[in-house]
Amino acid sequence: MVKVSVGVTVYNVEEYLRECLDSIMNQTFKDFEVIMVDDGSTDNSFNICQEYVARDNRFKLIHQENKGRGQAGAKNTCLRYMTGEFVTWVDSDDIVDNNYLERLLEVQAKTGADTVKCFRKYIRDGNVYFVQGYEEGINNVDGVAELTKKDGLLNSLDNYLASVEFWGTLAPRELYKGLVLSQGVVLEDQGNKFKLYLRSKKNVLLLDQLYSYRIRKGSLMDDKRGKTPLSKELDHLQDCTYNWDKLMYYVDVTDYDVKEIHEAYMKKLDRIIPSEINLSEEDMGIYRKAINRHKLKISKL
């Protein structure tokens with residue numbers, strides 16, 4: 001059994017894929033496998049993945065028909081083929097520092113945490129941008145901060161601690177046992193990562209910016225082109241509330257701080273402000289009515 005399984009879900013990212021896979025291949029820690037799942041790409045991504053399978057026997061490739069919106073379907077396939085003691089994820093248009101695996105494993109061994117999540121920097125138009133001041137207000141020792149289970153769950157509403165994503169996270173494969181990620185929606189990390197926190201006993205944040213997150217047009221997070229500002233906001237609201245409702249369902253089933261998390265959800269809906277600044281007064285009224293309808297719905301839960 002290898003130490004770490006690295007999951008890479010692939011869909012039409014030929015422009016960035018080699019840079020991503022090279023960053024994994026060049027890790028200072030060597031005992032890993034890479035499970036690549038091509039989710040029905042229509043560009044040259046599948047062929048690029050085959051190149052890495054031929055170059056390095058740690059790289060494995062599975063091809064499947066596209067499972068719909070989001071990456072959850074491809075992640076579920078990754079999990080079926082992983083054999084490592086630990087699991088981590090790298091999005092196929094992002095890159096990781098050479099010591100990404102080494103540092104995550106060091107912190108896990110030192111803390112005994114079930115999940116270790118590092119922080120990110122950004123890539124835009126080929127330039128790398130480090131985030132300044134993000135560690136302020138986070139109580140930490142030597143760059144490592146404990147993340148309580150409650151904060152991990154509440155963070156699904158705001159992501160103020162940047163812990164909601166699967167990428168950049170190291171966790172034992174055993175923690176994923178029996179877990180199936182909900183498919184067919186975007187923001188699937190928001191609607192699934194909290195399941196790990198409900199199972200975990202200890203979680204930590206590593207303040208090192210080891211993960212480079214690419215901001216680009218045409219990504220899964222930029223799939224609403226051609227829609228009106230109001231339509232974009234209503235779609236985003238629907239995606240978010242779908243995942244938040246699922247959070248509340250799991251919290252209720254496990255009977256974990258139901259009242260407090262329900263109250264935080266209601267407050268989150270009160271604070272939502274559309275990201276588009278050019279909504280008309282009429283459109284803003286329609287948007288607010290949608291929020292109020294949802295508040296009425298969950299107030300009965």
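Glu-33 and Lys-60 form a salt bridge in this predicted model, and their closest N and O atoms are 3.7 Å apart. The pair links distant parts of the chain, with Glu-33 in strand 2 and Lys-60 in strand 3 (residues 59-64), 27 residues apart. The structure holds 20 salt bridges. Its largest nonpolar core has 36 residues.

**The Glu-33 to Lys-60 pair**

- Glu-33 is buried, because its relative accessible area of 4% falls under the 20% limit.
- Lys-60 has a relative accessible area of 34% and is partly exposed.
- Side chains of opposite charge can pair when their charged atoms come close.

- Arg-103 forms a salt bridge with Glu-106, and the closest N and O atoms lie 3.0 Å apart.
- The two residues are three places apart in helix 4, so about one helical turn separates Arg-103 from Glu-106.
- Glu-106 counts as partly exposed, with a relative accessibility of 38%.

- Glu-165 forms a salt bridge with Lys-117, with 3.5 Å between the closest N and O atoms.
- Glu-165 lies in the loop between helix 5 (149-158) and strand 9 (169-172), whereas Lys-117 is in strand 6, so the pair ties together parts that are 48 residues apart in sequence.
- Both Glu-165 and Lys-117 are buried.

**Nonpolar cores**

- In the largest nonpolar core, the residues that touch the most other members are Val-6, Ile-24 and Tyr-100.
- At least two residues of this core come from each of strand 1 (4-10), helix 1 (14-25), strand 2 (32-39), helix 2 (45-55), helix 4 (100-111), strand 6 (115-124) and strand 10 (203-214).
- Another core, of 33 residues, lies apart from the largest one and includes Tyr-197, Leu-198, Val-251 and Tyr-287.
- In soluble globular proteins, nonpolar side chains tend to be buried together.

**Contacts of Tyr-100**

- Leaving aside residues up to four places away in sequence, Tyr-100 touches Gln-27, Thr-88, Trp-89, Val-90, Cys-118, Gly-168, Thr-169, Leu-210 and Tyr-211.

How values were computed
Residues are numbered from 1 along each chain as its sequence is written. This is a predicted model: local features need pLDDT of at least 70, side-chain atom pairs count only at pLDDT 80 or more; totals for chains, interfaces and linings use all residues. Side-chain values use heavy atoms; hydrogens and water are left out. A nonpolar core is a set of buried Ala, Val, Leu, Ile, Met, Phe, Trp, Tyr and Cys residues joined through side-chain atoms within 4.5 Å. Buried means under 20% relative accessible area, exposed over 50%, partly exposed in between (1.4 Å probe, protein chains only). Helices (H or I, at least four residues) and strands (E, at least two) are DSSP runs, numbered from the N terminus. Contact means heavy atoms within 4.5 Å. A salt bridge is a side-chain nitrogen of Lys or Arg within 4 Å of a carboxyl oxygen of Asp or Glu.
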